[in-house]
Protein chains: 4
Amino acid sequence: MKEYCGIMGVYNHTEATKLVYFGLYAQQHRGQESAGITAWDGTKISDKRVFGLASSNFTENDFISNLKGHIAIGHVSSKPEKQAFLSCVDPFIIKYKGTTMVAALNGGLTNSQELRDLLENDGGVLRSDSDSELFLHLIVRNLHTMSEEQAVLAAARQLKGAFSFLLMIKNRIYVVRDTFGFKPLALAQYGESIIIASETCAFDLIEAKYIRDVEPGEVLIIDEKNMRSLWIDEDIPTEQRKRAHCIFEFVYSARPDSLIFGQNVYMVRQALGMKLAQEHPVDADLVLPFPDSGIYSAVGFAKGSGLPYEHAMIRNHYVGRTFIQPTQNMRDFSVRIKINPVREVIEGKRIVIVDDSIVRGTTMDTRVKKLRELGAKEIHCRISSPKVIASCPYGVDFASKGELIASKYSTDEIRQKLGLDSLGYLSIPGMLETLNRPKDYCTACFDANYPLKWS
Amino acid sequence: MKEYCGIMGVYNHTEATKLVYFGLYAQQHRGQESAGITAWDGTKISDKRVFGLASSNFTENDFISNLKGHIAIGHVSSKPEKQAFLSCVDPFIIKYKGTTMVAALNGGLTNSQELRDLLENDGGVLRSDSDSELFLHLIVRNLHTMSEEQAVLAAARQLKGAFSFLLMIKNRIYVVRDTFGFKPLALAQYGESIIIASETCAFDLIEAKYIRDVEPGEVLIIDEKNMRSLWIDEDIPTEQRKRAHCIFEFVYSARPDSLIFGQNVYMVRQALGMKLAQEHPVDADLVLPFPDSGIYSAVGFAKGSGLPYEHAMIRNHYVGRTFIQPTQNMRDFSVRIKINPVREVIEGKRIVIVDDSIVRGTTMDTRVKKLRELGAKEIHCRISSPKVIASCPYGVDFASKGELIASKYSTDEIRQKLGLDSLGYLSIPGMLETLNRPKDYCTACFDANYPLKWS
Amino acid sequence: MKEYCGIMGVYNHTEATKLVYFGLYAQQHRGQESAGITAWDGTKISDKRVFGLASSNFTENDFISNLKGHIAIGHVSSKPEKQAFLSCVDPFIIKYKGTTMVAALNGGLTNSQELRDLLENDGGVLRSDSDSELFLHLIVRNLHTMSEEQAVLAAARQLKGAFSFLLMIKNRIYVVRDTFGFKPLALAQYGESIIIASETCAFDLIEAKYIRDVEPGEVLIIDEKNMRSLWIDEDIPTEQRKRAHCIFEFVYSARPDSLIFGQNVYMVRQALGMKLAQEHPVDADLVLPFPDSGIYSAVGFAKGSGLPYEHAMIRNHYVGRTFIQPTQNMRDFSVRIKINPVREVIEGKRIVIVDDSIVRGTTMDTRVKKLRELGAKEIHCRISSPKVIASCPYGVDFASKGELIASKYSTDEIRQKLGLDSLGYLSIPGMLETLNRPKDYCTACFDANYPLKWS
Amino acid sequence: MKEYCGIMGVYNHTEATKLVYFGLYAQQHRGQESAGITAWDGTKISDKRVFGLASSNFTENDFISNLKGHIAIGHVSSKPEKQAFLSCVDPFIIKYKGTTMVAALNGGLTNSQELRDLLENDGGVLRSDSDSELFLHLIVRNLHTMSEEQAVLAAARQLKGAFSFLLMIKNRIYVVRDTFGFKPLALAQYGESIIIASETCAFDLIEAKYIRDVEPGEVLIIDEKNMRSLWIDEDIPTEQRKRAHCIFEFVYSARPDSLIFGQNVYMVRQALGMKLAQEHPVDADLVLPFPDSGIYSAVGFAKGSGLPYEHAMIRNHYVGRTFIQPTQNMRDFSVRIKINPVREVIEGKRIVIVDDSIVRGTTMDTRVKKLRELGAKEIHCRISSPKVIASCPYGVDFASKGELIASKYSTDEIRQKLGLDSLGYLSIPGMLETLNRPKDYCTACFDANYPLKWS
């Protein structure tokens with residue numbers, strides 16, 4: 001299972017490292033377990049990587065005394081600390097003949113093992129399980145016979161899978177996106193500087209101006225001369241290339257204020273909710289979102305159904321990381337600590353709860369029980385995406401297939417297990433209707449129809 | 001200006017300190033600057049106090065190695081570190097003839113200076129500016145001639161102002177609430193244990209069962225024998241006593257899932273929003289809450305007006321305390337870092353923004369400008385409380401009167417300053433209509449009609 | 001049992017708090033468990049107190065952002081954290097009628113309980129077990145009828161015991177030393193500033209110029225006008241007053257580079273060693289000090305005996321506070337971690353080990369065993385002080401009497417228990433011969449002859 | 001300039017990581033800037049590396065929750081943080097075809113650049129400047145055509161320079177020492193476990209039993225089967241191989257309680273001092289060591305000269321890392337903070353100061369001035385090693401040659417610059433006389449006679 005993550009790069013700004021920091025900050029939802037920033041000031045590399053939130057673990061002093069440069073790239077990841085030695089957290093750094101080369105990845109390769117075998121059989125020595133390391137090694141191998149730009153392009157052609165890469169090699173940033181365009185990746189102008197980020201919410205925070213998405217299959221080169229593109233599949237016309245954007249970004253992963261794959265996430269989520277109200281109408285008193293993931297589709301469901309929206313699952317905004325263990329007999333504490341429903345809204349009412357997905361069902365189970373305790377008369381559940389039945393090899397960390405409740409049970413069995421009066425999932429066609437170019441999406445987690453096989 | 005804060009007490013539980021911790025955790029919104037827990041195990045006091053969030057600064061180890069006892073009280077406060085030496089953060093501790101006495105206060109006395117003079121002129125030596133210290137000194141003075149219970153009661157009668165006190169004296173907890181009932185204070189059962197908290201959301205977290213509010217003027221004594229009450233104004237019938245509950249608790253301070261002064265906060269806020277829609281209707285495309293304080297009245301406004309509710313001010317949930325300074329030219333960064341509006345919802349639309357209050361107006365100003373930038377066609381603002389024109393001597397920390405925008409300018413002047421197309425405040429009568437016993441509330445911040453004078 | 005500690009005060013310096021910090025740093029051997037600095041800048045108090053070493057727990061930033069003033073006093077203490085709530089660590093602070101009064105003490109009162117009763121029976125409310133708090137309360141009581149200076153003097157006359165006090169009241173520092181002169185206390189000039197410290201090594205570090213000791217019974221007042229003295233026993237001629245300097249300061253407590261009670265500690269320790277060689281000669285191959293406490297008397301013993309000095313107990317200079325637990329079967333680890341003897345020096349040799357004292361004997365026991373393992377042929381032990389048979393009520397924290405090995409066993413029994421070939425303690429007369437004014441010393445820990453009774 | 005460091009390995013112990021920790025703790029003097037421990041539990045690697053002291057930065061919890069295994073190796077280094085990204089601190093880790101390989105080095109290669117070129121020209125990709133990484137890459141290259149043991153041996157034969165390596169590959173530890181035997185490396189038994197350390201003081205702390213030194217040119221293999229040796233120079237008889245032990249280990253680097261190169265460091269240092277007294281006698285009153293480096297030769301000098309030894313430079317044992325900046329006008333503060341001389345010993349005396357070496361002379365200069373201020377009548381300086389005139393390519397971090405005072409000035413010029421009455425250095429022949437096998441030492445820092453050239 002690959003990690004879920006976000007990246008940010010800044011070219012040509014005197015405070016490049018701080019801008020990267022703010023970009024990671026805005027994209028913190030893409031990875032809370034580790035963060036790293038690496039910078040180049042024209043003569044040397046500076047670097048800091050931390051476990052936990054970027055927002056809690058970088059300090060003003062880091063930027064004053066260490067992290068300096070006019071080019072910088074950064075990375076946040078959800079890979080847990082135990083899996084990731086500090087040395088193998090992105091941005092990944094290697095040295096080759098005096099040149100430091102740095103890479104940060106959003107995504108996951110599907111041919112990691114082949115590439116690893118290829119490199120090791122040819123004498124390569126790897127330090128880690130990192131896909132970024134593989135990419136850097138491929139580039140270096142190519143450097144023996146090619147220019148730097150061609151070496152990057154040729155290496156990119158050896159990769160399979162979902163990858164949005166930022167590379168920093170001396171005074172140059174390379175931006176590399178797989179031909180399917182699995183992960184979002186966007187470009188912005190910020191005065192004289194160029195910014196690259198997984199999501200546009202990073203641009204909004206610093207008030208950079210969105211220009212365009214990095215194209216699937218594009219290898220964008222940014223240096224002092226200009227900004228130019230090479231293409232991984234240069235002999236196929238752009239319009240004919242197969243696209244496979246991750247639809248789960250709209251369902252859950254991206255921030256609602258981001259623009260990805262040409263559409264705003266908030267608007268899509270609301271449309272998903274409205275479509276859901278059409279597909280699975282229900283006679284009830286109110287719509288209740290499961291925060292925060294269900295809020296936007298719940299607003300849409302309320303619009304679509306005409307039922308009143310009630311924001312009555314109260315979130316504790318002070319829930320931190322290092323939590324005290326509960327005392328004995330505190331059942332379901334970890335769910336309850338985050339959210340408290342308002343009894344006065346629930347009691348005696350027929351409720352429609354709306355969420356984006358059910359993965360293992362344990363949180364849902366606890367919450368449904370709590371709503372019953374508070375006196376809900378009927379509890380109907382509506383899910384703004386189809387049933388998640390298959391794992392993702394491209395970088396979304398669902399539970400392993402065995403634990404995916406939807407892959408083991410029918411909808412009615414799930415309804416019974418969760419103690420619901422009714423349960424409805426949005427259909428795949430219904431979901432796709434909310435999108436401008438429905439054919440350009442990967443729906444493998446819902447239909448096991450993988451656009452790209454893996455080993 | 002007194003501090004704003006929350007308290008929690010636990011009587012008779014083997015893990016009393018942890019329960020207090022969880023109670024502070026649930027009430028963290030009442031004070032983020034310091035926290036303290038003090039416990040009694042039958043023979044000795046243990047104690048920890050921290051600056052910053054309780055959730056970040058207590059550790060599991062504190063409870064294993066130090067904080068032990070079957071009786072414990074705790075306190076969270078919004079008083080900034082610079083004002084509060086660590087030694088003077090509640091719970092306040094004194095020793096008198098071998099007995100340790102501990103007090104924690106939610107509220108603020110209005111006769112602090114008189115009491116201070118009284119004590120000092122009589123040889124008293126105070127360590128701090130703490131109102132809790134004053135109360136403890138008064139009790140000790142009385143002990144020379146009275147029993148402990150009478151000494152507490154007599155001391156309580158010397159206090160003026162808003163005070164919800166928890167006292168821990170040996171194996172006994174005293175709960176003392178002023179006769180006006182300014183601050184909320186409630187009682188719950190938890191197995192064999194008794195719990196006291198400022199807000200009932202603390203009970204929900206640990207699944208304690210709410211019994212009743214502590215009454216205004218009540219001095220509740222909890223010990224191994226039983227639970228019994230003395231009354232500060234014992235000669236006046238309860239029903240004739242003047243009450244002055246803080247209406248601002250409903251507007252802003254309390255959590256929406258709490259039950260205070262006999263009503264649920266969420267329901268009152270929604271009613272405020274509905275009433276507001278009646279008083280100040282507007283022809284617009286959508287209702288936009290300013291999170292989180294405006295969400296609940298916005299939901300009510302949407303219901304009352306029939307306009308669609310849009311949850312389109314996206315909050316970054318990872319905003320922490322120790323923030324990196326922005327780079328140059330990042331205007332209004334501290335506002336922008338927390339909230340990002342969704343352009344696609346705003347652009348070309350006539351918007352009603354709903355918030356609970358405008359104090360200084362600076363945040364509102366920044367947000368209105370941002371909405372204009374994103375293309376809002378009209379921006380109407382509706383405030384779910386009357387204009388705040390007067391400061392509060394009872395423990396709500398508004399800006400000083402000079403900075404209260406509503407005390408200096410007419411509604412139309414404010415509208416112009418903030419660049420709004422229209423602006424409407426809820427009326428005082430409108431606000432009071434949402435409450436069961438409208439005469440029992442203090443509305444001094446809106447009308448300068450103080451139920452109790454101060455020096 | 002009272003705490004062992006050191007104090008430092010600075011009057012009239014723009015960086016008074018840093019100078020105090022350095023003074024505590026130099027006197028860190030007098031207390032490693034907590035430290036505090038309190039400053040006055042003419043209008044307000046600033047304060048920081050920490051657990052652990054001053055050197056590890058104050059930061060440059062404390063001095064930049066918080067600890068500011070031209071007058072400051074500080075304190076280091078050996079009282080363990082569990083005994084000392086942070087609020088009760090010296091410097092102790094009280095507020096009285098708008099005036100903040102601060103006290104720091106080296107020593108211990110013998111009439112604490114009487115003073116406590118007196119104050120409490122008269123309505124006083126104390127926060128702690130602190131002797132400093134008692135002194136401050138006495139002063140405040142006196143203020144009702146006296147000037148500030150007279151109030152301090154009168155309060156000082158109510159104290160019994162060993163006390164070297166620093167008081168900071170507004171723009172004034174008071175230095176108060178008991179009439180016996182138990183604890184060292186010295187005065188220095190530093191440019192335009194006045195410095196007071198327990199030991200002169202604090203002056204050396206900052207290159208302040210030692211002027212004189214604060215006299216026993218002196219109440220020295222330092223303010224903008226001048227420096228002047230009041231006397232606790234003003235009607236008795238100075239030369240007739242009974243003195244009782246703590247002789248254990250020479251044996252162990254003070255730093256060898258300090259000048260206390262008119263003599264240099266290093267020179268006295270060396271003289272003790274020479275005297276010891278006279279009293280208890282031994283036929284051996286070499287003299288081995290137990291570091292660091294035995295080094296100086298061992299050097300003296302080597303001179304006195306003509307035997308070669310070997311510095312062959314190697315100390316690990318990196319031993320810190322928070323140490324990892326040893327693995328199973330690591331006997332005597334806490335002794336071994338600090339010191340490793342050199343086998344090649346020990347093997348086959350007749351050794352004289354020299355130390356300053358034996359309190360419980362456990363460390364000595366472990367070390368003697370180790371020396372036997374390494375092949376020492378004979379092990380003779382010489383102690384550069386008499387047998388410690390009695391506890392100290394004046395602020396030296398020996399083990400309680402029950403645990404003092406010398407109070408339970410004869411010298412020969414101790415020799416046998418420790419597996420020594422011979423054992424010799426310096427005699428009381430021998431010890432006193434090394435001092436200029438032998439009658440001016442307290443030798444109670446050696447002869448139970450207490451100059452001042454206690455309750 | 002290479003780093004100065006120490007290593008520790010443990011084979012087959014249930015608490016291997018803690019034993020390594022203690023070994024690093026005992027060898028902390030060999031590197032205070034970073035530390036790392038890596039362990040293997042039969043199935044996976046665990047790892048922690050820190051900046052600063054091992055003793056301050058590892059916690060009990062590290063060993064409970066993370067660092068687990070029956071085989072472990074560790075490393076302390078003096079390379080400053082800025083030079084060492086955390087990822088490149090030893091133990092260095094690589095992965096190759098599913099096998100994790102770990103290396104820790106004491107020493108420095110002289111053919112690093114050639115090896116780097118060789119590897120990179122052949123497609124190798126390096127992450128760092130680490131010599132350990134080079135060694136690991138060489139081994140992996142050899143694995144294509146050889147068994148693991150032969151691959152290690154062949155790689156060791158490609159290395160030039162000073163190297164004491166610990167390798168951990170699966171269930172095996174390899175110990176590799178260069179043929180010159182530059183750095184000390186010793187072997188001990190600990191119950192059923194095998195311990196390897198740079199210095200024997202690591203064995204003493206855990207009470208492991210020293211067996212023998214690892215031989216120059218030895219490749220020792222430790223696994224479940226047995227302990228066996230391969231030889232880098234197998235065709236040359238052991239007795240004919242050129243040895244070049246670092247003589248500076250005796251002068252300064254090693255702990256006095258260690259046994260290195262067959263001799264105890266304390267005894268050698270004392271002999272150096274006695275020899276120095278013969279070569280440069282002086283008519284004086286006392287011998288004063290510069291602590292701690294000069295103590296042992298000062299004791300020897302005192303014996304050799306018959307002059308009294310005075311331990312009168314008092315060290316502050318609480319000097320930590322993060323130190324507060326001095327106030328203005330505090331000259332030479334960083335020297336003074338550590339050591340304070342005792343005026344009463346110095347004043348009016350003719351003093352011989354003894355130290356192990358003078359590198360840049362700045363500390364000596366400050367101290368001589370201070371002794372003059374304290375009234376020293378004559379100051380003679382004796383150095384227990386020859387003049388350091390050349391830099392070391394084998395891992396001792398002297399200042400660069402330009403800064404070595406002895407390489408620029410004659411002895412008399414140095415004497416004048418430092419304000420000394422006389423100055424004497426030990427001669428090279430005199431130094432070598434103290435050693436059992438004088439021909440087996442490298443004296444390059446004293447005579448620029450390098451046993452091994454470097455690039």
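Helices here are DSSP runs of H or I with at least four residues, strands are runs of E with at least two, and both are numbered from the N terminus. This is a predicted model, where local features need pLDDT of at least 70 and side-chain atom pairs count only at pLDDT 80 or more, while totals for chains, interfaces and linings use all residues. Residues are numbered from 1 along each chain as its sequence is written, with chains lettered from A and ligands numbered from 1 in the order in which they are written.

**View 1. Chain A on its own.** By that DSSP count, chain A has 17 helices and 23 strands. Its radius of gyration (over C-alpha atoms) is 23 Å, close to the 23 Å from the globule rule (2.2 Å times the number of residues to the power 0.38), so chain A is as compact as a globular protein of 455 residues. Along the principal axes, the C-alpha atoms take up a box of roughly 70 × 50 × 45 Å. Buried residues (20 or more other C-beta atoms within 10 Å of their own, with C-beta atoms placed from the backbone) account for 58% of the chain.

View 2. C246(A) sits in strand β14 (residues 245-246), and its 27 C-beta neighbours inside 10 Å make it buried. Beyond four places in sequence, its contacts (C-beta atoms within 7 Å) include C442(A) and Y394(A). C445(A) belongs to helix α17 (residues 444-447) and is buried too, with 26 other C-beta atoms within 10 Å. Among the contacts of C445(A) beyond four places in sequence are C392(A), F248(A) and F398(A).

**View 3. Where chain C meets chain B.** Each chain puts 22 residues into this contact. On the chain C side, β5 (92-96) and α5 (131-143) are the elements giving two or more residues. That side splits into nine nonpolar, six polar and seven charged residues (Asp, Glu, Lys and Arg count as charged; Ala, Val, Leu, Ile, Met, Phe, Trp, Tyr, Cys and Pro as nonpolar; the others, Gly among them, as polar).

View 4. The same surface serves both copies, as 100% of the contact residues of chain C recur in chain B.

Key. Two residues are in contact if their C-beta atoms, placed from the backbone, lie within 7 Å. A residue is buried if 20 or more other C-beta atoms lie within 10 Å of its own, exposed if 12 or fewer, and partly exposed in between; C-beta atoms are placed from the backbone.
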